[in-house]
Amino acid sequence: MTERPAQRVPNRQLAALIAEAGFSNAGLARRVDQLGLEHGLDLRYDKTSVTRWLRGQQPRGTTPALIAEVFTRRLGRRLSAQDLGLDACAPVYAGLEFAATPEEAVDIASGLWRKDSGSHAELRKIAFTPAGLVVPSRDWLIGRADERVGRGADPAASRVPPQGRASVPRQRQIDRGPGQRVTGGDIAALRSVSELFRTLDHAYGGGHARQALVRYLEHEAEPMLRGTYGETTGRRLFSAAADLTRLAGWTSYDIAAHGLAQRYFVQALRLAQAAGDRPYGSYVLVTMSRQAVYLGHGREAVQLARVAQQGVGSGPPPVVQALLHAAEARGHAVLGEVRAATASLVRAERALGAARPGDDVPHWARAFDEAQLADEFGHCHRDLQQYRASAQHAERSLQLRAPGFARSRLFCRVVLATARLGLGELDQACALGAEAAQQAMEMRSVRAVEYVRDFERRLEPYRDASAVRTYRDRVSALS
């Protein structure tokens, strides 16, 4: 005798929320599909799918969490899959969420660190999705600094609020139980480790010590974030964690794990907000803009750079302003927008020219100097096919750039090689390209390899020339 399938129970919780939100079945399906695209998923649900859910069928995979997020955005309150009468499911592709609270920010970021430090190879295969840039950048721009980030029985975290603020709803404090007391020395250690990994990245590529960085976040930064600290220490802690998380994203980007890098950047942006560090948030957005440029999403790159400018206002030091305008210029150049790119480059040049030795420049902006600005000019002019100007600026950047920035020098050398090729100087172009190819072999950087491959694609029309044959022989001998 065959067993009859269990009778499904109609999902009344979901039905009630659909009515409250004013969704049609087709409308809900469409929003779930759109949210899926933000997470790099091609779902293709329709009104029949929603009808099945209402009859009691449980959607698979990440879908319950996505449905809950659709209702959260629509109704303005946090809802879980269980609130919708659905089975809970931790999204495999989580990380694009911009957390509502510091506690949730710690949960999401630390979950990402733990998954990445293990054997979750699928994380490195997640696709970059331009749609996933919209919500985090918007939420950062319109969001306010978190009222409280302190955690535990620290006197600074338990003071009575000033008169007149008692009626203001307070954000829920991170309350996962007592842990280690975080000190100024702990935060100094985080900063020192960040500088160490940054130096390794500049010199040897993102793949050299990326996994060590991720494990450091998991085993050192997370326990601190779940420890005990007051408001001032807490904001410094979140700032240091944001810097390390952005760097983990940067190294992921350098090895072409673009979807994973995108998630790290989003979480770094949220941690920066918890730190109350608006300028650093703008720097994270610039980082996201640079990734968008590299992947050919010029419009998104421009928008991210402009959000960064708007969000930080007119108060930052000239060096920071120069950095923001240069990022916008790169986006315009990818789009072939000559006038807009030129205008942004002029603003960047003027801002950097206004910088003075005594300016209070954040640590993350100190590397933006004349060498870096010349590099930005060289890239923009290359993308705009203004090869003579590109060559001039690339040569200047190589003259000024310190040897420790080996990967940046490699990129600039390829830009110069491309410019020389555009000017018809084939011998010089191939010699420069061969130098870059040798350097790329010594790094763990997919971007470095891709720069060289892009140059080689540009050589194709000249493949029978003697200089190109010599180039290919030299490169072949390297392997």
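Let's start with Ser-110: with 0% relative accessibility, this residue counts as buried, since anything under 20% gets that label. Keep in mind that you are looking at a predicted model. Ser-110 is part of helix α5, which covers residues 102-117. What does Ser-110 touch, leaving aside residues up to four places away in sequence? Its partners are Glu-222 and Arg-226.

**A buried helix**

Now find helix α10, residues 258-275. How far apart should its ends be? At 1.5 Å a residue, its 18 residues should span 26 Å, and the end C-alpha atoms are 25 Å apart, which agrees. It's also well hidden: 18 of the 18 residues of α10 are buried, so the rest of the structure largely encloses this helix.

While you have a helix on screen, here's a handy rule. An α-helix has 3.6 residues a turn, so residues three or four places apart point the same way.

**Rings that pair up**

Next, the aromatic side chains. How many aromatic pairs does the structure hold? There are 9 of them. Here are two to look up:

| Pair | Centre to centre | Angle between planes | Arrangement |
|---|---|---|---|
| Tyr-283 and Trp-364 | 4.7 Å | 20° | stacked |
| Phe-455 and Tyr-471 | 5.8 Å | 75° | edge-to-face |

Why is the Tyr-283 and Trp-364 pair called stacked? Because planes under 30 degrees apart count as stacked, and these two planes are at 20°. Tyr-283 sits in helix α11 (residues 278-294), while Trp-364 is in the loop between α14 (338-353) and α15 (370-383), so this pair ties together parts that are 81 residues apart in sequence. Are these two residues buried or exposed? Both Tyr-283 and Trp-364 are buried.

As for Phe-455 and Tyr-471, their planes are at 75°, so that pair is edge-to-face. It links distant parts of the chain, with Phe-455 in helix α19 (residues 446-459) and Tyr-471 in helix α20 (residues 466-478), 16 residues apart. Both Phe-455 and Tyr-471 are buried too.

Rings can also gather in a group: Trp-250, Tyr-253 and Tyr-294 make up one aromatic cluster.

**Arginines over rings**

Trp-250 from that cluster has another neighbour to look at. Arg-447 lies over the face of Trp-250, at 4.9 Å from the ring centre.

Notes. Residues numbered from 1 in each chain as written. Predicted model: local features only at pLDDT ≥ 70, side-chain atom pairs only at ≥ 80, totals over all residues. Heavy atoms only, no water. Helix = DSSP H or I, 4+ residues; strand = E, 2+ residues; numbered from the N terminus. Expected span 1.5 Å × (residues − 1). Buried < 20%, exposed > 50% of the residue type's maximum accessible area, 1.4 Å probe, protein only. Phe/Tyr/Trp six-rings, centres within 6.5 Å; stacked < 30°, edge-to-face > 60°. Lys NZ or Arg CZ within 6 Å of the ring centre and 35° of its normal. Contact = heavy atoms within 4.5 Å.
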